[in-house]
Amino acid sequence: MNTNFYPNENNNENNDKNIIPEVNYRIEDSPLENKKPPKKDFFKTMVKGAAYAAIFGLVAGGSFSGFQYISSAFHTTAKNETSLEEKEEAKEQLSLTDTDTSSQNKIVKAVSTMETDVSQIAENVMPSIVAIDCQVVQTNNFFGQELQSEGTGSGTGIIIKQDKEYLYIATNNHVVADSKSIEVTFKDEKKANAIVKGTDASIDLAVIAVKLSDLSSDTKSEIKLATLGDSSALKVGEMSVAIGNALGYGQSVTVGYISAVSREIEMDNGTMTLIQTDAAINPGNSGGALVNASGEVIGINSAKFASDEIEGMGFAIPISDAIPILEDLMNREEIAEAEQGYLGITGVPVEEDYQDLYHMPAGVFINSIDENSPAAKAGLKEGYIITKVKGRSVAAVSDIQNILTYTKGGTTIEVTYVTQTDGTYTEKTTQVTLGKKSDSSSYQEKEKQQNNSEDNTNDSSNSGKQLPYGYGNNGSDFESGFPYGYLN
């Protein structure tokens, strides 16, 4: 049966057929000349035509339904005959479609959840964050003369520990360096004075302390210790939240992502390996917390790059690198020079050019070792490169000196060093029991020079012949080229 309701010019057979059924009425059967057909016959013809049309419509409709049924049956049969491979492909396509829809729903939910979580993160972390305001002594040089003036600075701190006497707060060294006084503002806007417990300029970290007796019970109930995370487990693309005292206006929150996890940045005190984030870090954010989606501190905000060409490049000290240094700074105590640790070596830093040229690690190259010194007894030798002391990375001679200055003689410490064999560097560790600086030949020589200087000052015959200030009597060893007390 023809189901094409539109003529097809290319199909003559279909063109000859009329979709309206023939009526049993012929021209030759009409009345002669002008004789009109009886009205009765005309109406009969019309009725018959309508009947035929109705019959055709029923038949055509049934045929069309039958075609759909046959087509559906054929399709079902063909589908049943589909190969296993095609079935799996169909399933996979369906699964992808479902996953896409599901993923879109999940993304919408995740965005909504993240917005909620950031407010929750801020609420949980804010009690652990303080604003720091400092009165800073500034020194300016004019024509060789030093002029001092006072200035102000602001930053942020993280409450990391509490004992019976103090509340300990981690921040950046550059926030509190050269400070005359430090004032801390807590979450409830109450303020208290703080003292510097310890600083390490090489990694830009410091710990300040507030006496618990200076805090009201209400303030104590408002604050809490920060939860420290594991920055070594960070992945690029994770959410990050920076909290700090931006521009000194008070606590603020910015949100971004981890852009890089081990970015080497050239700082004033050397190269540092930092976390990069696009969360906004502004002046005053220094020393504040960079936290993850769980509200754990993963970094201490330290610096940002700012220029017309750069946007969204903030940096934080990884908390896993900072923890051992912060612990050392918290437990640091002032030690008399004679009682300070003595290692018994001299050395030079491995310059960056040598690192690139000879693939040498960053550290301190040992030039010489005092005979029977703690270093010699521990097995250290000339040519070794010291990379860590007490678990802290060292890249310059001052780094080791700073550690020994706050370590008592007689203390056993761990020293990590690198040796070269057939062009390959191997890392090793050794335990060194430090001597006292008073036992070192350099210290004894210094004492001798100071005594001679005092004798010359009191000797009238030597009046006016005193050595220039700073030579031989201010802790400098010009013969060796290294500051007195360095590593010895």
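Trainee: Are Y384 and Y417 buried or exposed?
Mentor: Both Y384 and Y417 are buried. Buried means under 20% relative accessible area, exposed over 50%, and partly exposed in between, with a 1.4 Å probe and protein chains only. This is a predicted model, where local features need pLDDT of at least 70 and side-chain atom pairs count only at pLDDT 80 or more, while totals for chains, interfaces and linings use all residues. Residues are numbered from 1 along each chain as its sequence is written, and side-chain values use heavy atoms, with hydrogens and water left out.

Trainee: OK, aromatics next. How many aromatic pairs are there?
Mentor: The count comes to three aromatic pairs. Rings of Phe, Tyr and Trp (its six-membered ring) pair if their centres lie within 6.5 Å; planes under 30 degrees apart count as stacked, over 60 as edge-to-face and the rest as tilted.

Trainee: Why is the pair Y354 and Y358 called stacked?
Mentor: The ring centres of Y354 and Y358 are 6.0 Å apart and the planes are at 20°, so the pair counts as stacked.

Trainee: Where do Y354 and Y358 lie?
Mentor: Both are in helix 7, four residues apart, which is about one turn of the helix. Helices (H or I, at least four residues) and strands (E, at least two) are DSSP runs, numbered from the N terminus. Y354 is partly exposed at 44% relative accessible area, and Y358 is partly exposed at 48%.

Trainee: And what about Y384 and Y417?
Mentor: Y384 and Y417 form a stacked aromatic pair, 4.9 Å centre to centre with 5° between the planes. The pair links distant parts of the chain, 33 residues apart: Y384 is in the loop between helix 8 (374-377) and strand 16 (385-389), and Y417 is in strand 18 (residues 412-421).

Trainee: New topic. Which residues touch the most other members of the largest nonpolar core?
Mentor: I158, L205, I300 and L326 do, out of 33 residues in that core. Helix 6 (residues 319-330) gives the largest share, six residues. A nonpolar core is a set of buried Ala, Val, Leu, Ile, Met, Phe, Trp, Tyr and Cys residues joined through side-chain atoms within 4.5 Å.

Trainee: Last one, N173. Where is N173 found?
Mentor: N173 is in helix 4 (residues 173-176), and at 11% relative accessibility N173 counts as buried. N173 and T199 are 26 residues apart in sequence and 5.9 Å apart in space, C-alpha to C-alpha.
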